[in-house]
Structures are given as structure tokens and as C-alpha cells.
Amino acid sequence: MKKILVLGGTGFVGAHVCEKLVREGWAVTLPTRRRSNANALQHLPGLTVLECDVHDEAALAQVVAGQDAVVNLVAILHGNQAAFERTHVTLPRKIAKACLAHGVKQLVHVSALGTDALQPQTLPSMYLRSKGEGEAVLIQAAVGAGADASGRNGFDLSILRPSVIFGAQDKFLNVFAKLQKIFPVLPLAGANAQFQPVWVQDVASAVVRCLAGASQAASPRTIEVVGPEVFTLKQLVQLSGQLAGLGGGFGRPVLGLPDWAARIQAKLMGLAPGEPVMSTDNLDSMKVPNVATGKFPGLDSLGITASALQPIAQGYLQGR
């Protein structure tokens with residue numbers, strides 16, 4: 001039985017990835033800061049939960065040792081420069097070092113659509129720049145530039161770049177539907193930003209297919225993971241209200257804000273306690289269309305037909 005380490009496996013996407021890997025016969029190791037974070041997954045056969053801080057380099061190296069493959073899903077949407085650097089650049093560097101040191105054969109890294117590993121500093125947000133820098137670190141290691149003293153040289157690398165991910169437990173459509181239950185009119189920053197939403201099950205399937213060698217592209221490979229339809233943010237917000245049956249099935253009125261007002265709204269949201277709905281850095285990220293560029297293969301290259309948003313979202317938003 002092949003062994004795999006899933007970093008970030010207790011999150012929204014990670015739970016689906018772990019379930020699919022177990023069904024495919026992998027022995028999954030799931031590190032988490034607190035065992036209770038993995039309560040929903042501990043019943044899965046062949047899955048081992050370890051309490052571990054993956055940012056601790058020595059602890060990370062210890063859990064990487066003996067694995068055949070690693071999946072990295074660790075990411076943040078909000079934070080300052082130091083937080084993005086720590087999560088999206090420093091951690092991938094530690095992962096690459098551990099993979100090289102312990103002869104890990106495969107690494108699947110979930111990044112983000114809209115980033116650029118070649119020129120990350122040209123991107124408009126801290127999130128996208130850090131995502132691009134993290135990709136660059138892994139690509140360098142995968143092609144052998146990070147070979148260790150024992151002579152181990154590179155690993156098979158798949159980088160997945162998803163658009164916004166939807167599904168029953170998402171913090172996207174669910175959040176906008178909930179807001180429309182509270183407010184009769186919804187002012188919206190970044191209303192014209194474009195997205196190509198992808199179902200969480202399709203993202204998880206892409207991870208598993210990469211590990212199975214489904215892609216014909218040479219390593220290091222980048223795959224754009226998107227759904228079949230492009231929406232503006234305003235259209236997605238309106239659709240979430242309609243599918244939730246609000247406003248008599250028409251949703252609430254959504255008012256797109258001019259840039260100056262959008263930045264004020266995002267700034268205020270970023271200052272609110274808890275995880276914000278939107279920050280100024282999110283707004284900066286939305287300057288780059290979150291849609292496939294066509295420069296890289298997509299889900300079809302892995303034998304996956306991307307699922308449409310509306311039939312799936314209706315199933316979990318209806319009657320909220």
C-alpha cells in the first residue's frame with residue numbers, strides 16, 4: 001500500500017481529497033495542530049491522524065520520512081506580508097527540502113489561478129505574489145536544483161491552479177446567501193471581477209488523478225482547474241440568493257460599488273473580528289481575471305469533465 005502525507009487535509013478541499021485517497025487504497029497520514037480538527041475524518045480506514053506543527057521544519061521532516069507522495073493544501077486567503085510568506089513560500093521550501101531528503105517520489109501542490117511562477121512580483125496582491133513565489137520554489141526543487149548531499153535529485157511535481165471552489169461546505173456561495181438573508185440590499189466590492197468556479201469534488205479528483213499519473217504533461221506540470229462557466233462576482237452573488245430562494249426566488253438587489261467605495265468596504269471588512277468576507281488584498285487579487293488562460297492543460301487532460309455550478313449549488317443552497 002502506497003503511503004501519502006496530506007498537509008492541510010482537515011480543510012474544505014482536504015477532507016474530500018483524503019476520502020478519495022482512502023477509497024483508492026492509499027495509506028493517508030494527516031498531520032494537524034489539534035487532533036480534534038480531524039474528527040470528521042478519523043473514521044476513514046487507512047487514515048492516521050498525527051498532532052504536528054507542519055511549520056516546524058524538524059517535525060515536518062519526521063512526518064515526510066517514509067512517504068511515497070505528499071499533497072500540500074495549506075493556504076490562507078487573509079493576512080499580512082509575513083503571514084503569506086510563511087504559508088505560501090517558506091512552507092513549500094521546507095516541504096521541498098524534506099521531500100528531497102527522504103526520497104519522496106511525488107508532490108501535488110494546490111496553488112491558485114491567476115498567479116505566475118515566472119514573474120510573481122508583477123502581480124497585484126500579496127496573496128498572488130506569494131503563491132507564485134511558492135510555485136517557483138517547488139519547480140526549482142523538482143527539476144533538481146535543490147538536490148541534497150546524498151544525490152537525490154528532484155521529484156514528480158504537479159501544480160494545480162483552481163479558480164474559486166464551491167461545494168456544500170464552501171465559504172463562498174454559502175456566505176453570500178447568508179448575507180442576503182440579513183440585508184435587503186447587498187453592496188458589493190469587486191462586482192465585475194471574473195471567476196470560473198470549480199466543484200470541490202473535481203479538485204479532489206484532479207489531485208488523485210495526478211498521483212495516478214493521468215497527466216501526459218512532463219513534470220513539473222501546471223494544470224488549470226476550472227469549471228465550464230465564467231461568472232462575474234455580482235452574477236455569483238445574485239445566483240446564490242436565487243438558489244437559496246430569497247426575495248421570492250429572485251435574490252436580493254446587488255449594488256456594485258465604484259473602486260473607491262469598494263476599497264473602503266474591503267478595508268472595514270478586513271478590520272472586523274474573525275475571518276473577513278473580503279479584504280483589500282482580496283480586492284487587489286481580483287484585478288486578475290480568475291479564469292483559465294489556456295496556456296496550461298485543464299481538467300480534461302486528467303480525464304475529468306468539469307461540473308456545472310448551478311445544479312450542484314442548488315442542492316445545498318435551496319431553502320437556506
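**Notebook: helix packing and cores**

I began with two helices and noted that the crossing of α7 and α10 is right-handed. I kept in mind throughout that this is a predicted model. Helix α7 covers residues 233-243, and I found that α7 and α10 pack at an angle of about 50°, with their axes 9 Å apart. That angle makes α7 oblique to α10. Looking up which residues make the contact, I listed L236, L239, S240 and L243 from α7, and L309, Q310, A313, Q314 and L317 from α10.

I then turned to the other partner of α10 on my list, helix α5, which spans residues 173-182, while α10 itself runs over residues 309-317. The axes of α5 and α10 come within 11 Å and cross at roughly 55°, which makes α5 oblique to α10. I recorded this crossing, too, as right-handed. On the α5 side the contact is made by L173, N174 and A177, and on the α10 side by L309, A313, Y316 and L317. Comparing my two lists, I see L309, A313 and L317 of α10 both in the contact with α5 and in the contact with α7.

Next I looked at helix α6, residues 200-211, whose 12 residues reach 17 Å from the first C-alpha to the last, close to the 16 Å expected at 1.5 Å a residue. Among the buried residues I noted V200, D202, S205, C210 and L211. Just after α6, I saw that G213 takes a positive phi of about 80°.

My last entry concerns the nonpolar cores. The largest has 37 residues, of which L21, V28, L160 and L211 touch the most other members. The elements giving two or more residues to this core are β1 (3-7), α1 (12-23), β2 (27-32), β3 (47-51), β4 (69-72), β5 (106-110), α6 and β11 (221-225). The largest share of this core, eight residues, comes from α6.

Technical notes
Residues numbered from 1 in each chain as written. Predicted model: local features only at pLDDT ≥ 70, side-chain atom pairs only at ≥ 80, totals over all residues. Heavy atoms only, no water. Helix = DSSP H or I, 4+ residues; strand = E, 2+ residues; numbered from the N terminus. Expected span 1.5 Å × (residues − 1). Buried < 20%, exposed > 50% of the residue type's maximum accessible area, 1.4 Å probe, protein only. Core = buried A, V, L, I, M, F, W, Y, C linked by side-chain atoms within 4.5 Å. Axes fitted to C-alpha atoms, helices over the stretch in contact; angles between N-to-C directions. Parallel < 35°, antiparallel > 145°, perpendicular 65-115°, else oblique. Left-handed = near helix turned anticlockwise from the far one by under 90°. Contact = heavy atoms within 4.5 Å.
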